[in-house]
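Colleague: I'm new to this one. Can you walk me through a few spots?

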Amino acid sequence: MTALTHPAPTPFPLTAPDDTPERCQAGERPRLRVARLFRTAPLLLDCGLPVSDVRLAYHTYGQPQETATLVLHALTGTSAVHEWWPDFLGAGKPLDPARDYVICANVLGGCAGSSGPADLPGLNGQDAPLTLRDLARAGRALLDHLGVRRVRIVGGSMGGMLAYAWLLECPDLVEKAVIIGAPARHSPWAIGLNTAARSAIRAAPGGEGLKVARQIAMLSYRSPESFAATQAGQRAPGVPAITSYLHHQGEKLQARFCERTYVALTGAMDAFQPLDAELRTIRTPVLAVGISSDQLYPAAEVQASAALLPNARYVELSSIHGHDAFLMDAGDLPEQVSAFLKS
């Protein structure tokens, strides 16, 4: 197996690590902050390694409260919710800073300011395997640091799967959860896609493999109908629009993301396989959202996971745009999520 030594790109300007919870002033632009956690006692990873002095980069919106809304980002996402989810964050929306204390952190293992694989101890000459439960425990430490005692969780895609880990790992902390476009565990199809992506990265470390991994992923994030509507024809003579699109997406991700993070987080998702019996112990109210044209996580899978939860309600977002519809074609989903969070 080829070792991945390519350093993470650092396009995210970081503030100095700050152990003082933020208090936003009216009209102030949200800024990235970095908490230093596990400085006196380590985080014990599920693989058995202790990890100390962990960085978690985060944004907050609204004034600090003991009850908060925690947003869990997707695989290649960041903590800057205002940049990637404008349909959900803002006045009168599900994440309303005038009413709620909204928090989003770049996950442990991420590459947008948090401690990534290169910052963590290795295991047998390789990056230490992370689990979604590890990510949840690190996130809980951030909430403790911010003085938060209870949370409502909203997560999409990887964030939705991570929400299941929070529900299992921190049942005392989570009041309710919105899980969008995510099953409780990966199917062979989803694991196969991630395996191909990781194989591309390991075959061509240094960035080229990550570009191919992104192209593979983008095909699963949309649907045939979506591509027919948005990527038909040519943008340059002799070059299909879909080809230009996939190359562009690969270039963009390679410029801002770390291949070691991609391997670590997709591996954590693939390994998260809670038993039906575990899922039936979750008593927290859950709103599970499937997407009608989702090719990565078919709506039936999302619904089947929700059916195992004693206190879950399932709704479906109708869109031709596949898995990414929750980001680009949300329809009336913000209103449904708002109603659930307020109930």
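Modeller: Here is a short tour by question and answer. Keep in mind that this is a predicted model.

Colleague: Let's start with His 59. Where is His 59 found?

Modeller: His 59 sits in strand S4, which covers residues 54-61.

Colleague: Buried or exposed, that His 59?

Modeller: His 59 is buried. Its relative accessible area is 6%, and the cut-off for buried is under 20%.

Colleague: And the strand around it? How many of the eight residues of S4 are buried?

Modeller: Seven of the eight are buried, so S4 is largely enclosed by the rest of the structure.

Colleague: What does His 59 touch, not counting residues up to four places away in sequence?

Modeller: Pro 30, Arg 31, Leu 32, Ser 79, Ala 80, His 82, Val 102, Ile 103 and Cys 104.

Colleague: Which strands pair with S4?

Modeller: Strand S1, residues 33-37, is joined to S4 by five bridges, and the two run antiparallel. Strand S6, residues 102-105, pairs with S4 over four bridges, also in the antiparallel sense.

Colleague: Give me a residue to look at there. What is the bridge partner of Arg 33 in S4?

Modeller: Tyr 58. Tyr 58 in turn has Ala 105 as its bridge partner in S6.

Colleague: New topic. Where is Pro 129 found?

Modeller: In the loop between strand S8 (126-127) and helix H2 (132-146). Pro 129 is partly exposed, with a relative accessible area of 44%.

Colleague: What is Pro 129 in contact with, leaving aside its neighbours within four places in sequence?

Modeller: Cys 47, Leu 123 and Asp 134.

Colleague: How far apart are Pro 129 and Tyr 61?

Modeller: They are 68 residues apart in sequence. In space, the C-alpha to C-alpha distance is 32 Å.

Colleague: One more loop. What about Thr 284, buried or exposed?

Modeller: Buried, at 7% relative accessible area. Thr 284 lies in the loop between helix H9 (276-279) and strand S13 (286-291). Outside its sequence neighbours up to four places away, it touches Leu 167, Val 174, Glu 175, Lys 176, Ala 177 and Asn 311.

Colleague: Last thing. What does UniProt list for residues 70-317?

Modeller: The unreviewed UniProt entry lists "domain: AB hydrolase-1" there. In the model, that span is 44% helix and 17% strand. Its end C-alpha atoms lie 22 Å apart.

Key: Residues numbered from 1 in each chain as written. Predicted model: local features only at pLDDT ≥ 70, side-chain atom pairs only at ≥ 80, totals over all residues. Heavy atoms only, no water. Buried < 20%, exposed > 50% of the residue type's maximum accessible area, 1.4 Å probe, protein only. Contact = heavy atoms within 4.5 Å. UniProt positions renumbered as here; feature names shortened; annotations may be inferred. Pairing = 2+ DSSP bridges.
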